[in-house]
Each structure stands twice: as C-alpha cells, then as structure tokens.
Amino acid sequence: MFTDMFQRMSSIQSRLDSILSSLPQGTRLVAVSKYHPVEMIMEAYEAGHRIFGESHVQELQEKRSQLPADIEWHFIGHLQTNKVKYIAPYISMIHSVDTPHLLSEINKQALKCSRKIPCLLQIHVAQEETKFGFTPQECLDFMAEGSWRSMSGIQLCGVMCMASNVDDDAQIACEFERAREVFKTLKAQYFAQDDAFRECSWGMSDDYPIALQHGSTLIRVGSLIFGQRV
Ligand SMILES: *Cc1c(COP(=O)(O)O)cnc(C)c1O
C-alpha cells in the first residue's frame, strides 16, 4: 500500500517535472485535473504545483472545498452563463470565453463580488464543428464593437484555442498560428500598453510540444500528468 502510493506520488512529480523543465521562461503549466480525484491533485500540490484546470462547475466546487485555499483554479471548459455566479468569487482565470453574452455575465458576477476576473477569448480554429469559440473574424468584430471597454469586472488577458485532434503536426501548427495571429492583432490594436494582455493558452497532452513552438504561454495538460481520465 505504502509502496503503491509512493510510486504514484513520485510518478506525478516526475511527470510534472519533465513537463516543467521543457517550458521556456514565461510559459506556465495548467495541470488539468478534471475527472481525477482530489488525492491526485494533492500529490501534485505537494510536489509544489499550484495551478489547476477544471472544466465542470460542480466538480470544481466540490474539489475546491476539499483542497488548500492557495490553489489557483483556472476554468477551461464550456461555461454556461447561469453557472458563472458559483465560480466568480474565486476563479483565477476563465480560458473559455466563447460569446459576448458570457463575457458580460462574467463581468456582472465579478462586479457583484468586487473582483476583476482575468479572461481569455476562445478562438475557434479547429476543423471540428463541435468546438466552441469565436471565429477569428467574430473575435476581431467583437473587439472592434467595443462594449468590452466598459466592463470593469473583467481583465482581458489573451486568447485560447484547441487544435484539431489529428496526427498531422503541420495542421496543428497552422491552427495555433491562426490563434496567434488573432492574439498579435489584438495586442497591437488594443493592448500594446497593457502587460496583462500576454496569454496564449494552447497545447494539451498530445500537442503541447508543438504549441510551445507556436507562442503558447499557458499549456493545459491533463492525462500526461494524471493518467487516463476515468
Ligand atoms: C481536458 C482538457 C485539456 C487537457 O487534455 P489532456 O489531453 O488530458 O492533456 C486541455 N484543455 C481543455 C479545454 C480540456 O477540456
């Protein structure tokens, strides 16, 4: 039993270490803990990790109540507007803002708890129909329209994307580059003086080495650290 646990512990730690050691300066790891038990999160926590990503509100709420308060929780999944209120008091970053309506609800709930919530705009670059997000053009149009400027409860910090789930590295790279173009355009047009607008959230277990070559500042890795989800 003890040996078992020890092996599991050192393996989470060593997987974390090997990912962390591959990251360039300024790039951070979100350890995606969805569907994994709090015990495994604690192992990563004890190895020194503090940034965890979840994609379901109820699961996040339950885990958070059982885990140390200094964990930085990032929300990475599709977020329903009626659930924003539950996470608004504490969430460190919402990566998956996929509609103007969601952004204004985050703003509203953030103001209720006197917060400014860091948000990323999710850009749809993958070929799959089912992926959420703004198309690059929708994102540029939304920013040009300007309603975000009066939302003092949100801090726009960058963009997020998910590449297609394919084996073609060139295609994945091309999709990351499309999101990176959106980031660069927004940075130049609206945030040149704003250091907070710096995040490019892309790269998962299967494609993070490609993401690192294409401007990622936040990688979101789950199964490579915690194993297959159950
Ligand atoms: C699950 C998930 C990840 C992590 O996926 P892995 O393949 O387990 O690394 C990253 N980003 C999002 C949005 C996810 O839902």
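Predicted model: local features only at pLDDT ≥ 70, side-chain atom pairs only at ≥ 80, totals over all residues.

Colleague: What about Ser223, how far is an N or O atom of its side chain from an oxygen atom of the ligand?

Modeller: That distance is 2.8 Å. With Gly222, a polar backbone atom is 2.8 Å from an oxygen atom of the ligand.

Colleague: And how much of the ligand's accessible area does the protein cover?

Modeller: It covers 91% of the 390 Å² that the ligand has on its own. The ligand sits in the largest pocket.

Colleague: Which residues are around it?

Modeller: Among them are Val32, Lys34, Ile76, Met162, Met204, Arg220, Val221 and Arg229. By type, the shell splits into five nonpolar, three polar and three charged residues.

Colleague: Switching topic: how many aromatic pairs turn up in the whole structure?

Modeller: Eight. One of them is Phe176 with Trp202, a stacked pair with 6.1 Å centre to centre and 10° between the planes.

Colleague: Where do those two sit in the chain?

Modeller: Phe176 is in helix H7, residues 169-190. Trp202 is in the loop between strand S7 (199-201) and helix H8 (208-213). They are 26 residues apart, so the pair links distant parts of the chain.

Conventions: Residues numbered from 1 in each chain as written. Heavy atoms only, no water. Near = heavy atom within 4 Å. Polar contact = N/O pair within 3.5 Å; in protein donor to acceptor, adjacent residues only side chain to side chain. Areas by Shrake-Rupley, 256 points an atom, 1.4 Å probe, with all protein chains shown as cover. 1 Å grid on protein atoms, 1.4 Å probe; cavity = no way out; pocket = protein on both sides within 12 Å on 5 of 7 lines; lining within 4 Å. Sits in = over half its atoms within 2 Å of the grid points. Nonpolar A, V, L, I, M, F, W, Y, C, P; charged D, E, K, R; others polar. Phe/Tyr/Trp six-rings, centres within 6.5 Å; stacked < 30°, edge-to-face > 60°. Helix = DSSP H or I, 4+ residues; strand = E, 2+ residues; numbered from the N terminus.
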